[in-house]
Amino acid sequence: MTTLVNIGHAFIDLWTDAAFWLVLGLIIAGLLQSFINSKNIGKHLQGKGLWPAVKAAILGTPLPLCSCGVIPAAVGLRRAGASKSATTAFLISTPETGVDSIAISYALLGPFMAIIRPIAAVCSAIVAAALVLLNEDKKENKIQILKISKIESECSSRSCGCQNPTPIDNRQPFLSKLWQGQKYAFTELLEDLSGWLVIGLIISAIVVATVPYNALASISQGPAAMIIMALIGVPMYICASASTPLAAGLMLAGVSPGAILVFLLAGPATNIASLGIVKKELGWHTLVSYLTGVLVVAIGFGYFANFLIEIWDINISSEIASSNDIIPSAITWIASILLAVIVVKDLIVKISGYFSKKTSGGCNCHGGHCH
């Protein structure tokens, strides 16, 4: 009983730490959805060389899309004229981080991890894009772009839980676009996050409450630690925000920040479904460059992060403990309750939809999406 109480207390602490920053991230994600036009962006990502890829990597950093949901967005950019290397950069930097995951990283992992995570994401995207440029044939390949509907079918057939944002008509009035963006963030986007967020926080709370401090430290500091974390992250279906609570629990249990960073980069950027679609869409050379860029940079930044923490004498534990001190407790609790209400409502709809699908034998649709 005492263990269950400790797990419950740990879960509540993690929830209140994350709630305000996740709500803030969702609001910003809604604003991005309202006012970013992929067709206009595609024009800036045309041309040869590395510069379009650099722009694509930076562009993808704040967008709140997971490794499966980013595919249709990337196809839209490709159709709008983005180069293959720029498309690759966008495919990597977008799922590795986003405004929502940066915010929750600050809350659960501290300022250092919140800063180095998007920097590493941009670097891995640029390295992969550079490899694509090196591997491209002198003769330009003609690639037939898969239809978005086919990609969505591939995605759903491989059990990816991500959904694609509903397009917003740019001809709508300002307030209408603003409302549609926030509606997307707190319905469609939160639907993608809610289940994994709760699961991640539960696992994190269990780790915090039951695993002795530093129990995993010796493993995570070993020479093969980064490679092990990369191999764990590659096949997983998990988005950047949902992976953060689990990472926080592992860090509090003694796993090194560098090993955590590898997991946070490799997990969201790669999974079996997205890798299969990248191979079909852009070819074997791009897939190899994609994986190489993600894994090599993730592992390199993992060791680099541990090195910086050591030479700068950064106290990660104190950073985690103080990252929410700037937010008044009243706002923290309001955000916690608001997020709890929205998430519980979404989970109830999902559970009821699951059972109705079982009884009817058909596809249950919610919010325009079949589950």
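This is a short chat about a predicted model of one protein chain.

Q: What does the secondary structure of the protein chain come to?
A: The model is predicted. The chain has 17 helices and two strands.

Q: How much of the protein chain counts as buried?
A: Of its 371 residues, 51% count as buried.

Q: Of the contacts between residues at least 6 apart in sequence, what share joins residues at least 24 apart?
A: That share is 87% in the protein chain.

Q: Let's go inside. Which residues have the most contacts in the largest nonpolar core?
A: Phe-112, Met-113, Ile-116, Ile-260 and Leu-339. That core has 53 residues.

Q: Which helix gives the most to this core?
A: Helix H1, residues 2–35, with nine residues.

Q: What is Leu-339 in contact with, leaving aside neighbours within four places in sequence?
A: Leu-339 is in contact with Trp-15, Ala-19, Leu-22, Val-23 and Leu-190.

Q: What other core lies apart from the largest one?
A: A core of 27 residues. Val-70, Ala-82, Val-234 and Ala-269 are among them.

Q: Ala-269 ends H13, residues 257–269. Is H13 enclosed or open?
A: Largely enclosed by the rest of the structure, because 13 of its 13 residues are buried.

Q: What span should H13 have, and what do its end C-alpha atoms give?
A: At 1.5 Å a residue, its 13 residues should span 18 Å. The end C-alpha atoms are 18 Å apart, so the two agree.

Q: Now H6. How many of its residues are buried?
A: Nine of eleven, so H6 is mostly covered. The buried ones include Val-99, Asp-100, Ile-104 and Leu-108.

Q: Where does Ser-105 lie, and what does it touch?
A: Ser-105 lies in H6, residues 99–109. Not counting residues up to four places away in sequence, Ser-105 touches Gly-110, Ala-114, Arg-117 and Thr-244.

Q: Is Ser-105 buried or exposed?
A: Buried, because its relative accessibility is 0%.

Q: What follows H6?
A: Gly-110, with a positive phi near 95°.

Q: And the loop between H5 and H6, which residue lies there?
A: Thr-97 is one of the residues in that loop; H5 covers 84–96. Thr-97 counts as buried because its relative accessible area is 2%.

Q: What is Thr-97 in contact with, beyond four places in sequence?
A: Its contacts include Gly-60, Thr-61, Leu-63 and Ile-102. Pro-118, Ala-121 and Ala-240 are also in contact with Thr-97.

Q: Switching to H7. Is Ala-128 buried or exposed?
A: Ala-128 lies in H7, residues 111–135. Ala-128 counts as buried, at 0% relative accessibility.

Q: What about Leu-308, where is it?
A: In helix H15, residues 284–311. Leu-308 is buried, with a relative accessible area of 9%.

Q: Which residues is Leu-308 in contact with, leaving aside neighbours within four places?
A: Phe-112, Ile-116, Asp-313 and Ile-314. Leu-308 and Phe-112 are 196 residues apart in sequence and 9.8 Å apart in space, C-alpha to C-alpha.

Q: Asp-313 came up. What is its phi?
A: Positive, about 55°, although Asp-313 is not a glycine. Most residues other than glycine have a negative phi.

Q: Where is Asp-313, and is it buried or exposed?
A: It sits in the loop between H15 and H16, the latter at 316–322. Asp-313 counts as exposed because its relative accessibility is 68%.

Q: Last topic, the surface. Which residues make the nonpolar patch of about 470 Å²?
A: Ile-27, Leu-31, Phe-35, Phe-174 and Leu-175.

Q: Which elements give two or more residues to the nonpolar patch?
A: H1 and helix H9, 174–210. H1 has the largest share, three residues.

Q: Is Leu-31 buried or partly exposed?
A: Leu-31 lies in H1. It counts as partly exposed because its relative accessibility is 34%.

Technical notes:
Residues are numbered from 1 along each chain as its sequence is written. This is a predicted model: local features need pLDDT of at least 70, side-chain atom pairs count only at pLDDT 80 or more; totals for chains, interfaces and linings use all residues. Side-chain values use heavy atoms; hydrogens and water are left out. Helices (H or I, at least four residues) and strands (E, at least two) are DSSP runs, numbered from the N terminus. Buried means under 20% relative accessible area, exposed over 50%, partly exposed in between (1.4 Å probe, protein chains only). Contact means heavy atoms within 4.5 Å. A nonpolar core is a set of buried Ala, Val, Leu, Ile, Met, Phe, Trp, Tyr and Cys residues joined through side-chain atoms within 4.5 Å. Patches are made of residues with over 30% relative accessible area and no salt bridge: like charges are joined within 9 Å, nonpolar side chains (Val, Leu, Ile, Met, Phe, Trp, Tyr) within 5 Å. Accessible areas come from the Shrake-Rupley method with a 1.4 Å probe; for residues, only the protein chains shown count as cover. A salt bridge is a side-chain nitrogen of Lys or Arg within 4 Å of a carboxyl oxygen of Asp or Glu. The expected span of a helix is 1.5 Å times one less than its number of residues.
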